[in-house]
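Open the model in your viewer and keep the selection panel at hand.

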Amino acid sequence: MIMQATTTNADASLQGSARTPDFDKLKALGQRLAKDFVRYETDRRLAELRWAKNARQFLGIYDPEVDAQIEKNRSKAYPKLTRVKCVSMLARLMSLLFPTSEKNWTVTASPVPNLSEEDINLVLSTLGASVAPDVPLEDRMIEFAIVEFAKERSRNLEKEIEDQLVEIGGSRQVDYVALCRKVLMSGIVYGMGVLKGPFVREQKQRTWVRQPDGQITPQESVAMRPQFEFVPIWDYYPDMAAKYLHQMDGQFQRIVLARHQLRELANRGDFFGDVIKNYLKDHPKGNYRRRSYEAEIKAMGAQLNVNDQDGRKYEILVWDGYIPARELANAGYEITPDRMGDQIEAIIWTIEGEVIKADMNPWVLMEVDQKVNTYHHFIFEEDESMLTGNGLPNIMRDSQMAVASGARMLIDNASVTCGPQLELNTDLLRMDQDLTSIHSYKIWYREGAGVDANVPAVKNIQIDSHMDELMQVISLFREFADTETFVNPATGGDMSKGPSEPFRTAAGASMLKGDAALPFKDVVRNFDLFTQSVLSSVVAFNMQFNTKRNIRGDHQVVPRGSSSLMAKEVRGMVLDSLGQTLSPEDKRYINSYELLRERLASRDIDVGMVLCDKDEAKRRDDAASQAAQAQKDQMDELLRAEVRKSLAEAVKALTQADKNSAAADGATAKTMMDTMNASLGALEGGMGDEHSAGGANPPKGNTGDKPKGTPPK
């Protein structure tokens with residue numbers, strides 16, 4: 001039920017609050033809705049019969065018409081093959097849709113975010129402060145800043161919703177996963193699962209506030225939290241005349257309350273308390289009456305001996321759908337003239353034709369441009385012949401009944417052939433003995449002589465049990481059930497019937513299970529539609545009732561259930577291969593943190609426990625960058641020192657070389673001078689001897705002989 005906070009906000013959005021209701025005209029509206037409910041109930045009768053069959057098939061109970069045809073003392077065995085298939089389907093879907101390391105949904109910003117004027121000004125001021133004053137703001141820069149701002153807001157909202165889903169059912173024991181499990185089970189068994197909400201639930205929270213004197217003190221505040229509730233398919237009455245769910249005029253929900261619960265509604269401001277009190281006064285024993293389907297359900301379980309609740313409970317009918325605007329106006333609600341001919345979504349509570357609450361659907365007024373569903377539907381398998389879809393028991397009904405028939409025949413035949421079948425000749429047997437039973441070491445006494453002595457008095461009659469043939473029939477229809485439901489040993493984790501040995505490794509088995517999960521894709525996509533409907537309403541709820549500014553923005557919900565159908569090891573190998581094949585140029589455009597997160601998630605590792613958050617990752621990146629920069633500066637300084645050392649040694653070597661070259665040049669010059677001086681001295685000595693001889697001719701001799709003292713050439 002919608003709580004007071006929702007109604008108050010809706011009333012504040014009305015163009016003029018409701019006048020004093022005209023209860024006579026409201027009663028006429030209630031009587032009309034009561035007649036509509038009778039029509040909806042009649043239209044749903046065939047669906048109820050199918051649901052009852054599905055429930056009996058799930059529980060392993062024969063339908064009354066089948067049970068009546070089974071003779072007395074015959075076997076009534078009912079192998080619960082349907083239950084195994086339904087439970088296996090539920091387990092498989094829960095494993096696919098709710099993995100331990102990731103969510104099956106995300107909140108992203110719209111491709112072209114539509115932000116408020118306040119947020120646009122905030123983006124422009126932040127962008128203007130981050131660029132130089134002389135740099136003009138271009139359109140490209142502004143659009144990029146707006147998109148990044150919207151993405152950050154979407155990430156904040158995703159964290160907020162993730163926290164809200166922990167207690168979406170009103171307590172931490174009933175979270176989003178628990179509610180979805182009920183919806184999935186209802187869809188698997190009956191074809192449709194229904195969830196209702198969001199309602200507004202007030203939650204007291206404690207915050208810390210800094211006082212003007214600097215002290216921090218606790219302060220209690222009230223936060224609005226979304227809440228959903230599971231609606232049993234038996235209490236839900238859709239418009240069966242519609243071809244599709246979005247074409248329905250509306251739906252009824254039947255609620256059974258105790259007397260004190262109905263009395264509590266009279267204390268709420270959004271209900272007509274006087275009408276409720278008067279009704280309780282005039283009807284002290286209640287108005288509840290058992291429906292035919294309730295009698296059928298009661299006969300299935302252990303409540304057959306429980307007294308009926310007639311006279312102790314009260315039955316409420318809630319209409320959620322369209323009604324003529326004129327009827328609301330006649331009931332005392334102000335409707336603008338331009339909407340007088342419209343059909344307006346309203347929520348009307350009635351008890352035996354008496355209207356105890358009448359309001360417009362608050363989401364029509366709060367979210368004018370967006371359709372926010374109050375009832376969210378999961379259809380297991382779409383069926384054009386049935387608005388509520390097709391359940392798994394109905395899909396495999398023939399196979400289940402064939403297996404049950406084979407099991408009964410098998411047991412009946414076994415009971416007939418488990419002992420000997422005897423033919424007794426009472427003319428030859430003595431009648432003073434027990435002929436009605438047989439046991440070990442039994443002695444049969446007979447009479448007869450002559451020809452009669454050769455005739456056996458007791459003969460064993462052989463009756464074929466056909467056990468092997470019946471086992472083959474049962475196995476055949478079990479295979480049919482596997483084919484019809486695509487729930488086989490591989491999908492349940494049994495790899496004994498899988499491929500040969502190379503495929504029985506961990507990765508191979510996961511690949512096999514991934515291939516076996518492919519037929520579930522349509523079911524998962526149907527649940528993705530349900531997820532999108534539920535979480536879109538949660539987004540709308542936060543936009544209306546959440547006071548946090550950092551979640552405001554233009555958001556859209558993206559379901560990701562079908563992405564988990566790929567085998568995790570396969571995805572892990574793909575991610576590893578991607579990381580190894582990326583070039584340095586490619587890595588500049590890759591978010592390394594998210595890539596690592598996906599690699600961990602593909603191995604079914606709890607990412608939250610293993611991987612640090614983004615803030616810590618940024619801090620570590622900054623620390624690593626600073627350490628790398630310090631190391632680079634140190635290496636640069638060492639390199640510069642090495643260069644200086646090498647230059648000094650080179651200069652020293654050049655200087656020494658110059659010194660050695662100069663010394664070598666000096667020694668060479670000195671040697672040349674000494675040689676020249678020696679030559680000149682010798683030349684001068686020879687010339688002196690010649691002058692002392694008075695110029696006489698030299699003595700004659702061998703012309704080839706050199707005179708002594710002649711310098712060498």
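Select C86: this residue is buried, at 0% relative accessible area. Buried means under 20% relative accessible area, exposed over 50%, and partly exposed in between (1.4 Å probe, protein chains only). Now select C418, which is exposed at 67%. The structure holds zero disulfides, a disulfide being a pair of cysteine sulfur atoms within 2.5 Å.

The model is predicted: local features need pLDDT of at least 70 and side-chain atom pairs count only at pLDDT 80 or more, while totals for chains, interfaces and linings use all residues. Residues are numbered from 1 along each chain as its sequence is written, and side-chain values use heavy atoms, with hydrogens and water left out.

Zoom out to the whole chain. Buried residues account for 37% of its 713 residues. The chain has 23 helices and twelve strands; these are DSSP runs (helices H or I, at least four residues; strands E, at least two), numbered from the N terminus.

Strands pair if DSSP finds at least two bridges between them; β6 (residues 314–324) and β7 (residues 343–351) are joined by eight. On that pair, P324 stands opposite Q343 in β7.

Which residues touch the most other members of the largest nonpolar core? They are L93, I161, I316, I348 and W349, out of 101 residues. A nonpolar core is a set of buried Ala, Val, Leu, Ile, Met, Phe, Trp, Tyr and Cys residues joined through side-chain atoms within 4.5 Å. Apart from this core lies another of nine residues, including L115 and F149.

Finish at L410 in helix α15 (residues 397–417). L410 counts as buried because its relative accessibility is 15%. Beyond its neighbours within four places in sequence, L410 is in contact (heavy atoms within 4.5 Å) with M467, L470, M471 and I474.
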